[in-house]
Amino acid sequence: MSPEVLPAPADKAAYVQGMFDRIAIGYDRVNDWMTGGLHRLWKRQLVRGLRPAPGDAALDLATGTGDLALLLQRAVGPEGRTVGLDFSAGMLEIARARRSDGIEWLQGDMLALPFPDASFDVVTVGFGLRNVADLERALKEIARILKPGGRFGSLETARPRQAWMRAVVALHSRLAPWLGRWMAGDDDAYRYLHASALAFVDQDTLAHTCRQVGLADVVVRDLSGGALALVMGKRVG
């Protein structure tokens, strides 16, 4: 796959699943290098913004190696429930190997979540929505499984609002395939990740789509000059 070409929607699920299986072992190390460790701060900001409480039921989608699931588990405590779901068996293998007793790790599809309606108080997605073939369908599934009053939050790449920051992001993104080849042995995967970030909707469009599927009180918080954004909302009724 060339860096400018993304898989067709019909092929995206299989491509994404295989790609993350390939890069799972080195994924955290590359993230640390590419963000200077800031991805951990951004994830903490997302969880703080959603205010999970002891005893809540929390779900992290596209959980990867489990960073957000671990943060949610600490917040909801042993009396709560924490689930991490991912499409990639390779990523889940890394997640299960961490100190994560009490977290339920599930392999599954964000477009067809294996949970009843109104199951969770808090749902998070970190850098995962751009990997789904149908964004609106994924958000509808999230709204469906939220309890009334339940909170949803996404941490995702975004569009900087200032030209100078867009130039910085463009320069940084050119390093992604090189870092992927050097640290993970897979520059093709990091070309995809760069291309998917460029192709994904901006933060305001994501917020609008959240409102369209029925989420309320949707807010956008730009991070790192708008290179990333938190988009958060809640289910009412």
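Modeller: Helix 1 (residues 9–35) packs against helix 8 (residues 187–199) at an angle of about 95°, and their axes are 9 Å apart. Axes are lines fitted to C-alpha atoms, for helices over the stretch in contact, and angles run from 0 to 180 degrees between N-to-C directions. The model is predicted: local features need pLDDT of at least 70, side-chain atom pairs count only at pLDDT 80 or more, and totals for chains, interfaces and linings use all residues. Residues are numbered from 1 along each chain as its sequence is written, and side-chain values use heavy atoms, with hydrogens and water left out.

Colleague: How is helix 1 oriented to helix 8, parallel or perpendicular?

Modeller: Angles under 35 degrees count as roughly parallel, over 145 as roughly antiparallel, 65 to 115 as roughly perpendicular and the rest as oblique. The angle here is about 95°. Helix 1 is therefore, relative to helix 8, roughly perpendicular.

Colleague: How many residues of the contact of helix 1 with helix 8 are nonpolar?

Modeller: Contact means heavy atoms within 4.5 Å. Helix 1 brings residues including Y15, F20 and Y27, which meet D188, A189, Y190, Y192 and L193 in helix 8. Ala, Val, Leu, Ile, Met, Phe, Trp, Tyr, Cys and Pro count as nonpolar, Asp, Glu, Lys and Arg as charged, and the others, Gly among them, as polar. The contact has three charged residues, no polar ones, and nonpolar ones numbering 12.

Colleague: Which residues of helix 1 make the contact with helix 2?

Modeller: Helix 2 (residues 38–50) packs on helix 1 with the axes 7 Å apart. From helix 2 come L38, H39, R40 and W42, and from helix 1 come N31, D32 and T35.

Colleague: Is H39 buried or exposed?

Modeller: H39 lies in helix 2 and touches N31, D32 and D67, not counting residues up to four places away in sequence. Buried means under 20% relative accessible area, exposed over 50%, and partly exposed in between (1.4 Å probe, protein chains only). With a relative accessible area of 1%, H39 is buried.

Colleague: Which strands stand at the edges of the sheet?

Modeller: Helices (H or I, at least four residues) and strands (E, at least two) are DSSP runs, numbered from the N terminus. Two strands pair if DSSP finds at least two bridges between them. Seven strands form an open sheet with mixed pairing, in the order 3-2-1-4-5-7-6. Each edge strand has a single partner, so one side of each is left without a neighbour in the sheet: strand 3 (103–107) and strand 6.

Colleague: How far apart in space are G226 and R161, C-alpha to C-alpha?

Modeller: G226 is in the loop between strand 6 (215–223) and strand 7 (228–235), and at 0% relative accessibility it counts as buried. In sequence, G226 and R161 are 65 residues apart; in space, their C-alpha separation is 6.3 Å.
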